[in-house]
Amino acid sequence: MALFLGVLFATFELSGWRDHFSRQFLHDQFLENRLSGVLVFVLLFSLGNLIQIPGWIFLAAAVLALGRSWGGIVTYLAASLSCALTFLSIRLLGGDALRQLKSRLALRLLAQLDGHPIRSVLCLRILFQTVPALNYVLAMSGVGFREYMLGTLLGLPLPIALYCLFFDFLASLLDLG
């Protein structure tokens, strides 16, 4: 996993993709062509999540570039796809590695996840949104992809909506709109 992250981060840095993590770049992409702008945003969000960049940064950029409503919708789409990509990538590389842990705490947490997987993922999404570490842990926890995605899809709207309101308010307060 560490080697994968290192290679991914090095590729990201050396390719110049890091320069594309700006409000102005996203705004210009959206204006030039809405479809390709959304695709670029989804790609950047997914890559950012894989290399441990929190999703709220992308949400703030989308709200500033597109406004509260469209920024939220595009972020929900990007976050959902990013979570799916991260889950599948990490599951492929790490399997269900956390199932190998034998500590009482790990076994108790995994039992909770096994008992109510959709509810557990939903609650974790409400609390932690798309925090990259959460994506990694859930991918290696052995939870099924279907349950993971249902919990993700149901858990993301509330925090994304609240962040949209917050970033929109902040933008108007600071006259960034």
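Author: At 2% relative accessibility, Thr75 counts as buried. Buried means under 20% relative accessible area, exposed over 50%, and partly exposed in between (1.4 Å probe, protein chains only). The model is predicted: local features need pLDDT of at least 70, side-chain atom pairs count only at pLDDT 80 or more, and totals for chains, interfaces and linings use all residues. Residues are numbered from 1 along each chain as its sequence is written, and side-chain values use heavy atoms, with hydrogens and water left out.

Thr75 sits in helix 5, residues 68-94. Helices (H or I, at least four residues) and strands (E, at least two) are DSSP runs, numbered from the N terminus. The Thr75 side chain reaches the backbone oxygen of Gly71 at 2.7 Å. Beyond its neighbours within four places in sequence, Thr75 is in contact with Phe41, Phe45, Phe58, Leu59, Ala62 and Ile160. Contact means heavy atoms within 4.5 Å.

Now Asn135. It belongs to helix 8, residues 132-139. Asn135 is buried too, with a relative accessible area of 0%. Its side chain makes a polar contact with the side chain of Asn49, at 2.7 Å. A polar contact is a pair of N or O atoms within 3.5 Å; within protein, one must be able to donate a hydrogen and the other to accept it, and residues adjacent in sequence count only if both atoms are side-chain atoms. Not counting residues up to four places away in sequence, Asn135 touches Asn49, Cys83, Thr86, Arg125, Thr130 and Tyr148.

Of its 13 lining residues, Leu109, Leu110, Leu113, Leu124 and Val137 are the closest to the centre. A pocket is an open set of points on a 1 Å grid over the protein atoms alone, where a 1.4 Å probe fits, with protein on both sides within 12 Å along at least five of seven lines; lining residues have an atom within 4 Å of a point. Helix 6 gives the most to the lining, with five residues. The lining divides into 10 nonpolar, three polar and no charged residues.

Of its 177 residues, 39% count as buried.

Notes
Ala, Val, Leu, Ile, Met, Phe, Trp, Tyr, Cys and Pro count as nonpolar, Asp, Glu, Lys and Arg as charged, and the others, Gly among them, as polar.
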